[in-house]
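Welcome! Take a look at the protein below, and then we will walk through some of its side chains and backbone angles together.

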Amino acid sequence: MIKSMTGFGRCEVQEAERKITVEMKSVNHRYLDVNIKMPKKLNFFEASIRNELKKYIQRGKVDLFIAYEDYTQTNVCVKYNKELAGEYMGYLNQMAGDFSLENDVKISSLSKYPEVLTMEEQGIDEDKLWQLLDKAVRGAAEGFVETRIKEGEHLLKDLLEKLDGMLEHVTFITERSPQIITEYRKKLEEKVKELLGDAQVDENRLLMEVTIFADRVCVDEELVRLKSHIETTKETLLLGGGIGRKLDFIAQEMNREANTILSKSGDLEISNRAIELKTEIEKVREQIQNIE
């Protein structure tokens, strides 16, 4: 099977105290580029998340979104800083003595001084949290891969049809090429007779001119290579796996051969077919960009 580089996956995992939701989507990219957006308290697991994703994805620009909800009521506690409160009171008493004032600070006032009372988040069981997060990441990744495979099936069908169409163009050019040499010889003979009248045509000179023309317009090697590239592309597609880069390289080679055929052609029918070939190759290249 082949996989598209566009995909989407979502998974929500919930237990009594927590819920984690993971969503991921991707578009084409030359390499694997993962962008993760998640709450700060989960940053500790970023490396583990990336390692997990590499098991499912080889290429593509992937955006991963993680939402975390904590339903526990005891996840924070109040911390009393006795030493700091004592310092505040010491300076307040000193100020009262310095200015002959009464120290009228009450407990309710002192508790509002900075850092005297603070809210502190209690420790989280990292192993337990990772088990929940890992389950959500794997669930999203599995759904993500399924959409990539499904899209890959459509790509495979479309590409095979386009490649078969390209083979038809190659077959036509292969059969047409010898004909244009015969037609050229005939036109050349007629032109010479028109110019020389009843004079005898120099067969050797005529043969030399036809040979030069045949050599100039010969595209046999290009056709053989192009056909081979098309067949290799079909075989590679059916083989499946991470084949996107390989196919992109082959498509470049196919385009090079089609350009050469077009540049050598002096025949309108072959030129039209070569243009059709280039158009189909470009469509194939665009589709290949979507393959992982």
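## Before we start

A residue is called buried if its relative accessible area is under 20%, exposed if over 50%, and partly exposed in between, using a 1.4 Å probe and protein chains only. This is a predicted model, in which local features need pLDDT of at least 70, side-chain atom pairs count only at pLDDT 80 or more, and totals for chains, interfaces and linings use all residues. Residues are numbered from 1 along each chain as its sequence is written, and side-chain values use heavy atoms, with hydrogens and water left out.

Helices (DSSP runs of H or I, at least four residues) and strands (runs of E, at least two) are numbered from the N terminus.

## Aromatic pairs

A pair of aromatic rings is described by the distance of the centres and the angle of the planes. Rings of Phe, Tyr and Trp (its six-membered ring) pair if their centres lie within 6.5 Å; planes under 30 degrees apart count as stacked, over 60 as edge-to-face and the rest as tilted. The count by this rule is three aromatic pairs. One of them joins Phe44 and Phe45, edge-to-face, with 5.4 Å centre to centre and 80° between the planes. Phe44 is exposed at 59% relative accessibility, whereas Phe45 is buried at 5%.

Tyr88 and Tyr113 are edge-to-face too, because their ring centres are 4.9 Å apart and their planes stand at 75°. Tyr88 belongs to helix 2 and Tyr113 to the loop between helix 3 and strand 6, so this pair ties together parts that are 25 residues apart in sequence. Tyr113 is partly exposed, with a relative accessible area of 26%. Elsewhere, Phe44, Phe45 and Trp130 form one aromatic cluster.

## A charge over a ring

What sits over the ring of Phe172? The charged end of Arg273 does, 4.0 Å from the ring centre. For this, NZ of Lys or CZ of Arg must be within 6 Å of the ring centre and within 35 degrees of the ring normal.

## Positive phi angles

Most residues other than glycine have a negative phi. Ser100, however, has a positive phi near 55°. Ser100 is in the loop between helix 2 (82-98) and helix 3 (107-110) and is exposed, at 68% relative accessible area.

Glu115 is not a glycine either, and its phi is positive at about 70°. Glu115 lies in the loop between helix 3 and strand 6 (117-121), and is exposed at 51%.

## A buried lysine

Is Lys234 buried or exposed? Lys234 is buried, with a relative accessible area of 18%. Lys234 is part of helix 6 (residues 220-239). Not counting residues up to four places away in sequence, Lys234 touches (heavy atoms within 4.5 Å) Leu160, Leu163, Asp164 and Leu167.
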